[in-house]
Amino acid sequence: MFDINPTKYYKLKNEEIISENGNIPLISNSSIDNGVMGFSNMKANNKGNSITCSDTTLGAETMFYQENNFIGYSHIQHLVPKIKPFNRAIANVIISACRVATSKKFDYGNKFNREAMNKTPILLPTKDKKIDFNFIETFITELEKEQISQLDVYLKACGLKDYTLTDEEQKALDDFEKGKIKFKEFNIDTQFNVDSYKKRFDANKVKVLDNGKFPYVVRQGSNNGQRGYINEDIQYLNDGNTISFGQDTATMFYQENPYFTGDKIKILKPKNSQFNKKNALFFISTMRKSFSSFSWGGSSFNVDIINKQPMNLAVTNNQPDYKMMETFISAIQKQVIKDVVLYTDRKLNVTK
């Protein structure tokens, strides 16, 4: 169904490619944000309406549909369709089928490379022994309608339909736009203790359960780093209200509740009692930017490297302003939710 070859990429540093006002996506080895590391003003060197997938990660978790032309990256494979028609709906079904087919076949020692991609069989709906594209597009359309309805119910139940900014949140955004918020660089160890997990639970030996009680956090870059839920001895639980950090992937997520971990996970415990779910997103954003100069899966970060990695934080009197960061994230969330709410309402009206 595809011609698979490495993407074309510029042999430059990330900061030489990415621009604040860029509009050409740079596709990296990340398993989040559709693989987009940032945007560039440089010329796109790969065609859109195709699929990308890293050959350094587990299975098809980094496989994404790329609608527009893009800039490639080292270790990113480009799946150019031979089949017609081809569009987002068809791509999403193929990607889902690939993720199902590869979910338990690959690990960090046996990666989903180009050869494996070419040889991986997937299940697709057929009619008269041919791929039933008509069914796929109809099915995805109906599925989207169902998901939009569920999303609307969820937004209402969680009180997220209200996207009106408070005066404090509006001021935080205005101050940011006008450059009035002061920032200062701090090393990670000034705000966090970088601890080891209490016990490593081998991914090949634990039993992941649908009804498990506690999250099982590994080095993956999706689903908040959680592979599922397990029931193990609670004395080995790591504290909630912390950040989990994958040592060879630099994947980091806020963990609200106590959790177990797999191999090579560090626990970032806050030193400040004001640390919470919202300002945690500020810390994670600046840390991800700081680690973005490293290639995904290309390094293993020991405690000393993590401790000395810099973060740009909002400050008052030269000290991190946790309240300001919390307010700023709250404002950003409402702006994002506004787009989601308006999108949901628009889709529901179209469906009606």
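Trainee: In which loop is the place of asparagine 318?

Mentor: This is a predicted model, in which local features need pLDDT of at least 70, side-chain atom pairs count only at pLDDT 80 or more, and totals for chains, interfaces and linings use all residues. Residues are numbered from 1 along each chain as its sequence is written, while side-chain values use heavy atoms, with hydrogens and water left out. Helices (H or I, at least four residues) and strands (E, at least two) are DSSP runs, numbered from the N terminus. Asparagine 318 is placed in the loop between strand 17 and strand 18 (319–320).

Trainee: Near what value is phi of asparagine 318?

Mentor: Asparagine 318 has a relative accessibility of 48%. Buried means under 20% relative accessible area, exposed over 50%, and partly exposed in between (1.4 Å probe, protein chains only), so asparagine 318 counts as partly exposed. Its phi is positive, in a residue other than glycine, and is near 65°.

Trainee: What is the relative accessible area of asparagine 34?

Mentor: Asparagine 34 is found in the loop between strand 2 (24–27) and strand 3 (36–40). Its phi, near 60°, is also positive in a residue other than glycine. Asparagine 34 is partly exposed, with a relative accessible area of 32%.

Trainee: Which strands stand at the edges of the open sheet?

Mentor: Three strands form the sheet in the order 12-11-15, with mixed pairing; two strands pair if DSSP finds at least two bridges between them. Each edge strand has a single partner strand, so one side of each is left without a neighbour in the sheet. The edge strands are strand 12 (226–230) and strand 15 (260–261).

Trainee: Which residue in strand 15 stands opposite valine 217?

Mentor: Strand 11 (residues 214–217) and strand 15 run parallel and are joined by two bridges. Opposite valine 217 stands threonine 261.

Trainee: Is aspartate 175 buried or exposed?

Mentor: Aspartate 175 has its place in helix 5 (residues 167–177). Not counting residues up to four places away in sequence, aspartate 175 touches Lys180 and Ile181, where contact means heavy atoms within 4.5 Å. At a relative accessible area of 11%, aspartate 175 is buried.
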